[in-house]
Amino acid sequence: MKKVLSGIFLMLSAILAMAQTRELSGTVKDGANSPVVGATVKVVGHPNVTTTDANGNFSFSVPAGAIRVEISSVGFSSQTISVGEGTSSVDVSLSTNASN
């Protein structure tokens, strides 16, 4: 009986842990609508981070609920956006950094 209860508890714990994250994807482009390759996309206040691919696309696991995401790349001004709880995709346009 203890083994059955332990098994059920472990299963429920795994389900709850998975429910606390979600997938966020999107595209990062520049002012000319070209993809920004290798841009860093990170969740503010969390270790979750990824980079954009050759097409400016990214996808990674983020905490459930509303979050803030910072997007940065060399030669561009960083941008921080708020992402709502129900949002699963964002498209971002980075401005060229005037000092470069």
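A salt bridge is a side-chain nitrogen of Lys or Arg within 4 Å of a carboxyl oxygen of Asp or Glu. In this predicted model, Arg-22 is buried but has no salt bridge. The nearest side chain of opposite charge, that of Glu-85, is 7.5 Å away.

Arg-22 belongs to strand 1, which covers residues 21-30. Polar atoms of the Arg-22 side chain lie close to two backbone oxygens, as the table shows.

| Backbone oxygen | Distance to a polar atom of the Arg-22 side chain |
|---|---|
| Glu-85 | 3.4 Å |
| Thr-87 | 2.4 Å |

Leaving aside neighbours within four places in sequence, Arg-22 is also in contact with other residues, among them Phe-60, Val-62, Ile-67 and Val-83.

In soluble globular proteins, nonpolar side chains tend to be buried together. Here the largest nonpolar core has 18 residues, and Leu-24, Val-28, Val-69 and Ile-71 have the most contacts inside it. Among the elements that give two or more residues to this core are strand 1, strand 4 (57-63) and strand 5 (67-72). Apart from residues up to four places away in sequence, Val-28 touches several residues, including Val-41, Phe-58, Ile-71 and Leu-94.

The count of aromatic pairs comes to one. Phe-58 and Phe-60 form this pair, with 6.1 Å from centre to centre and 70 degrees between the planes. The arrangement is edge-to-face because planes over 60 degrees apart count as such. Phe-58 is buried, at a relative accessible area of 6%, and Phe-60 also counts as buried, at 7% relative accessibility.

Conventions: Residues are numbered from 1 along each chain as its sequence is written. This is a predicted model: local features need pLDDT of at least 70, side-chain atom pairs count only at pLDDT 80 or more; totals for chains, interfaces and linings use all residues. Side-chain values use heavy atoms; hydrogens and water are left out. Helices (H or I, at least four residues) and strands (E, at least two) are DSSP runs, numbered from the N terminus. Buried means under 20% relative accessible area, exposed over 50%, partly exposed in between (1.4 Å probe, protein chains only). Lys and Arg count as positive and Asp and Glu as negative; His and the chain ends are not counted. A polar contact is a pair of N or O atoms within 3.5 Å; within protein, one must be able to donate a hydrogen and the other to accept it, and residues adjacent in sequence count only if both atoms are side-chain atoms. Contact means heavy atoms within 4.5 Å. A nonpolar core is a set of buried Ala, Val, Leu, Ile, Met, Phe, Trp, Tyr and Cys residues joined through side-chain atoms within 4.5 Å. Rings of Phe, Tyr and Trp (its six-membered ring) pair if their centres lie within 6.5 Å; planes under 30 degrees apart count as stacked, over 60 as edge-to-face and the rest as tilted.
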